[in-house]
Amino acid sequence: MRFYFKAVCILLAVIFLSGCRQALNAKKQVAQRPASVVIDGFSRPAAVVAEPGGSFFYVSDLGPGADHAAKDGDGFISKVSADGKILVKNFLPKDGVLNAPRGMAIIMRTIYVADVDRVAAFDLHTREKVFELEFAGEKTAFLNGLVHLANNVMAVSSTDTGRIYRMTIGERPRFKILQENIAGAAGLALDRKNSRLFVAGFGDAAAFDKGVRPVGKLGVMTFKDGLAQYRDISTPMGALDGIGILSNGMLLVSDWVAPDRPGAIHVFDLHTGKAMDIKLSREIRGPSNFHFDANTGNLWIPLTLEGKVMIEKIRN
């Protein structure tokens, strides 16, 4: 009887230790899971946009050339799966050229892209070019942010001239200046509910290239009686580029910070005017026009200076 009792105790101890070992192993496995997915294989990715439904993502790439304003024809747009696999690296253009594509917007089955001094559009099914509007007369070589406002109207920013344009994409394509004198006007985010357009300012891009930290600000454009009014909503923050709106109304902003320092992703509180950094799983350099997927909590960050795209899970 005593031998039987000892045997049962030993058996229970073995089972307990085995369970503890499995639990510890499970904890190690959870801890070792990557907090982000990094997609290699790009040259200088500049922006990410999602197809309606989130099945496919598109990454604009400035190409390998050193001059981001050159009409060198080496830019392209890649098609990427939702889990981060590059399906077609040179998805667009099928014919013709892209030079240094940046901000993008998708309307139905058409993708629009800002490319140096023009906005071009392609059919996502046929990959044929279906639209082009030149801005050459505006002396810009840095069209950047792009957003669909309503119906056949879009807005596009010009980082080197500090302007935002209203662009009509119907049968008579045309544009007009909405706002001027925004230092380094870059990313655009539309708050449809409150009829306002948020703007991320990069500051002086030329100064950044020379090693000086820019002093870009956040701003907002409101529309009343057909007129646009702009005002700054932050103090100088850095080299701001991408911008998005979270479900709680706060702004998500990417910041290149400085040439010799890692970039950052800020959350900006519109009520307090204060910003805080999101703790990322790794350092990032050159975070550009990102895409935030509110359904999955995934933040797709193009890292222009690294030639990579990082998918980071954050809270909404």
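Modeller: The largest pocket has a volume of about 900 Å³. A pocket here is an open set of points on a 1 Å grid over the protein atoms alone, where a 1.4 Å probe fits and protein lies on both sides within 12 Å along at least five of seven lines. The volume is the space filled by probe spheres set on those points, which are joined across faces, edges and corners.

Biologist: How far can I trust that, and how do you count residues?

Modeller: It's a predicted model, so local features need pLDDT of at least 70 and side-chain atom pairs count only at pLDDT 80 or more, while totals for chains, interfaces and linings use all residues. Numbering starts from 1 along each chain as its sequence is written, and side-chain values use heavy atoms, with hydrogens and water left out.

Biologist: OK. Which residues lie nearest the centre of the largest pocket?

Modeller: Val 49, Val 147, Leu 188, Ile 243 and His 291, out of 33 lining residues. Lining residues have an atom within 4 Å of a point.

Biologist: And which strand gives the most to the lining?

Modeller: β14, with five residues. Strands supplying at least two residues each include β2, β10 and β18 (240-245). Strands are DSSP runs of E, at least two residues, numbered from the N terminus.

Biologist: Tell me about β2. Is it buried or exposed?

Modeller: Six of the six residues of β2 (residues 45-50) are buried, so the strand is largely enclosed by the rest of the structure. Buried means under 20% relative accessible area, exposed is over 50%, and partly exposed is in between, with a 1.4 Å probe and protein chains only.

Biologist: What does β2 pair with?

Modeller: With β3 (residues 56-61), antiparallel, over five bridges. Two strands count as paired if DSSP finds at least two bridges between them. Val 48 has Val 59 as its bridge partner, and Ala 50 stands opposite Phe 57. The two strands make a hairpin with five residues between them, and Gly 53 in the turn has a positive phi of about 100°.

Biologist: What's the strand order in that sheet?

Modeller: β2-β3-β4-β5, an open sheet of four strands with antiparallel pairing. β2 and β5 are at the edges with a single partner each, so one side of each has no neighbour in the sheet.

Biologist: Pick a residue from β4. What does Ser 81 touch?

Modeller: Ser 81 sits in β4 (residues 76-81) and is buried at 10% relative accessible area. Not counting residues up to four places away in sequence, Ser 81 touches Ser 55, Phe 57, Leu 87 and Trp 300. Contact means heavy atoms within 4.5 Å.

Biologist: And Asn 90, buried or partly exposed?

Modeller: Partly exposed, with a relative accessible area of 46%. Asn 90 lies in β5 (residues 86-92). Leaving aside neighbours within four places in sequence, Asn 90 contacts Phe 76, Ile 77 and Arg 127.

Biologist: Last topic: which residues touch the most other members in the largest nonpolar core?

Modeller: Among them are Tyr 112, Phe 135 and Met 167, in a core of 16 residues. A nonpolar core is a set of buried Ala, Val, Leu, Ile, Met, Phe, Trp, Tyr and Cys residues joined through side-chain atoms within 4.5 Å. A second, separate core has 14 residues, including Ile 77 and Leu 98.
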